[in-house]
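Reader: I've just opened this one for the first time. Could you walk me through a few spots in it?

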Amino acid sequence: MMSISRVRRSFLLSSAILFAGALAFAPQGMAQTGGGAPPPSISGDQSTSPSPSTPAAPAAGPAASGPIATGQGAAPTSVATPIQSSLVRRIVIEGNERIETATIQSYLPIAPGDTVDAARLDLALKTLYRTDLFSDVRLDIQGDQLLVRVVENPIINQVVFEGNSALSSDKLRDEVSVHPRSIFTRSHVLEDVQRIVELYRRSGRISAVVTPKIVELPQKRVDLVFEISEGPKTGVLRVNFLGNKAFGDNALRDVVVTKESAWYKFFTSNDNFDPDRIEYDREQLRKFYTNKGYYDFRVISSVAELTPSQRSFAMTYTMDEGAKYKFGKLTVKTDLKKLNASILQILLPIKEGQLYRSDRIEAAVDSLTFAAGASGFAFVDIRPRYTANREKHTIDVVFEVKEGPRVYVERIDIVGNTQTLDPVIRQELRLAEGDAYNRVLVDRSKTELKRLGFFKTVDITQVAGSAPDKTILQVKVQEQPTGELSLGAGYSSVDKLLLDVGVSQKNFRGTGTDVRVRASVGSLRQQVDFSYTEPRFAGRDLRAGFDVGYYRYDYTDTSGFNTASTFASLRAGFPLNVNTFLDTRYSIHSDSVTVSDSSCAAGLISIVICDQRGDSLASSVGYTLFLDKRNDPIHPTRGFYAKLSQDFAGLGGDVKYLKSELTAATYWGFTPEWVLSVTGASGYIGGWGGDNIRINDRFFKGGDTFRGFQIAGIGPRDTNPSFEEALGGNLYAIGTAEVSLPNHLPEQYGIRTALFTDFGTLGLVDKDVKAGQPTVKDDLGMRASAGLSVFWTSPLGPIRLDFSQVLAKETYDKTESFRFSTSTQFQ
């Protein structure tokens, strides 16, 4: 087969000029045929068919020659000679090759037996053109016969991009609307040309030129070729500011999105010139200054000057900062009887005398909207009114709270869910189509979707509906990997490398069902388990599931024993209210503790551990009560949560105990970068009916649960120099204070840092266990550590590095100064 380029070269010289002229002077309007008294006719010849390998339209971009005179669009509507009403008894279709006659007749608003006039024929002509199936249509009345002559638009055989190197063909193919086996129309091609030019412009190549060409093939087919001249990449030489006094140029350059080009900035595209970014930068400057108290701030002008080399631009923003203001008198006014203005005023997050900040006004409006919604007013209109006192440099603000027009949810559109099914998302929404719009319920829906853990981002926005009292909610989500390949490693103070590997999967096939088949192999733990969780069991707000599996934990190096367990459990959970969830469970597990008989006989292992040898069967029921008042379940900046868990063993089996654990955390966000969190966790397990707690049921802490100490590095221990083995404890209490802090690295690097301190204790082994063993230490002493955690969202998955320094410990504790962990996620 002859290549596209060879065909194009063979016809280019002979037809390029002819086709350009045909585009400008394609016939439109009336056409008469026949001899004598010509029958009335209407024609709509929009453009001549292109010659092979000729331009389908003028080039788009800076070098474009101007608007195209013709294109697929409106059909002619004028009539050269008056058309009298005529009765049509027969309709004849001519010129169709690929499209069935019956199909064309189905598009016509005329049927045999109808009486037609000029308006009816004009409507028929426009109707056929709107199908995009024809490049030319002619209607002729011949006696009682309507003759329809058509010229079909060709079918696109393939879409080819030539000359592109900065943008891949796949990326361009995703951008254009034409595709193989679609109908060729010039209007669609011209739209796609503009899309490609815009794509190049956003990537910093504002001089890109795109020329569409076609190659005619047999059987009414064409190859569509986009010839691209990308041009040089246009950077930003300098970003200048004029009129700034309070803040220096370097500080303002951090505010605007446009960055100066540099050879080392290969991770960002913001150093390419983009005209659309200028207006956004003006808005960023306005937000920055108004959040610093400059109420009168304005950008006078923003100019982009092309350098003589024509490879970069110099940006200059001229501004007027104005004076610095503080908040003056703050007032809330409302005519709604069920709302108390005094109480609403107390809820304002701003106070008189504070520095004026525009974002605090937005926060105040949100607070008042939420309070009104909580009081039953789903439709409120809150408008702040400003009064500037330029002598005292204060801003008085009056918040007018009025009942807004009732708005109902016309439709809920879900976009971005490439994996998760629509019903899974809709069942988490607190609003349904037809409900009254409620801002509180929208925010709650957003929180519930984030809590699923399926999405990287969740955003719910309003779009105007078909009527003023209707709105469309657009739920936009960005999927994130729901499977995980986890890797863990730790470096201890005794030069020991600890490794752990695990595989899991959730959100099975986008249904929201958590199905996990996990195999974990490591130096400490080997585990195989199957877990199934149905989030909406039997179509109700009931989460149910089961677990079965086997695990083996090797404590040989730390405590001198191995423990293995085969287990099965049933789970069911349901919400008690908006913020509280109750999870119930029943579990049964067969446990074994293995210790080397020869080591026990030789005294190489603590007698306390040797006494724990044997098998046991535990049957238990339990529950977990979870209260969550955080503003964001993934990255909270304010609020708190609390979790209480209890398990009662003794319903059959030969183990009897009551285990209780309590965890709580609270968050304070001072800025988006500075967030302080304080977490406390405690637990106690006690036997009943004269039973002591077996070693495999005790608490072991360290590693990730207490940074600065090895796994099982704190708590009761047999300090005999021959083995120094951890015994675990019946009681623990651990607190953590952590503050995230800015590291001044570009956000696209995905690196976060935090300072932490862990403190707490572990101990209280049963008296019968340690009786007569002087080398067993169980002091419940306070331990503490502090350090730096680094979190990196790497291309391979999230990585965490912990650097720690122990501040307080017992002499027999086992410490470590560094811990590394990572996990690789997959769909």
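This is a predicted model: local features need pLDDT of at least 70, side-chain atom pairs count only at pLDDT 80 or more; totals for chains, interfaces and linings use all residues.

Reader: Okay, on to the largest nonpolar core. Which element supplies the largest share of this core?

Author: That core has 23 residues, and those with the most contacts inside it are L348, I350 and F399. At least two residues each come from β14 (326-334), α9 (358-374), β15 (380-389) and β16 (394-403). With six residues, the largest share comes from α9.

Reader: What does F399 touch, leaving out residues up to four places away in sequence?

Author: F399 is one of the residues with the most contacts inside the core. Leaving out those sequence neighbors, F399 touches T331, V332, K333, L348, I350, I361, A364, V365, L368, I382, R383 and P384.

Reader: How about α7: which elements do its buried residues pack against?

Author: Helix α7 covers residues 275-290 and reaches 24 Å from its first C-alpha to its last, close to the 22 Å expected. Its buried residues are R277, I278, D281, Q284, L285, F288, Y289 and T290. They pack against α5 (186-202), β11 (235-242), α6 (249-253), β12 (298-306), β13 (312-320) and α9.

Reader: Is C600 buried or exposed?

Author: C600 sits in helix α13, residues 597-601. Not counting residues up to four places away in sequence, C600 touches V595, C610 and R613. The relative accessible area of C600 is 17%, and buried means under 20%, so C600 is buried.

Reader: Where does K220 lie?

Author: K220 has a positive phi of about 55° although it is not a glycine. Its relative accessible area of 26% makes K220 partly exposed. Its place is in the loop between β9 (209-217) and β10 (221-229).

Reader: And what is the relative accessible area of L764?

Author: L764 has a positive phi too, about 70°, although it is not a glycine. You'll find L764 in the loop between β34 (751-763) and α15 (767-770). L764 is partly exposed, with a relative accessible area of 38%.

Methods
Residues are numbered from 1 along each chain as its sequence is written. Side-chain values use heavy atoms; hydrogens and water are left out. A nonpolar core is a set of buried Ala, Val, Leu, Ile, Met, Phe, Trp, Tyr and Cys residues joined through side-chain atoms within 4.5 Å. Buried means under 20% relative accessible area, exposed over 50%, partly exposed in between (1.4 Å probe, protein chains only). Helices (H or I, at least four residues) and strands (E, at least two) are DSSP runs, numbered from the N terminus. Contact means heavy atoms within 4.5 Å. The expected span of a helix is 1.5 Å times one less than its number of residues.
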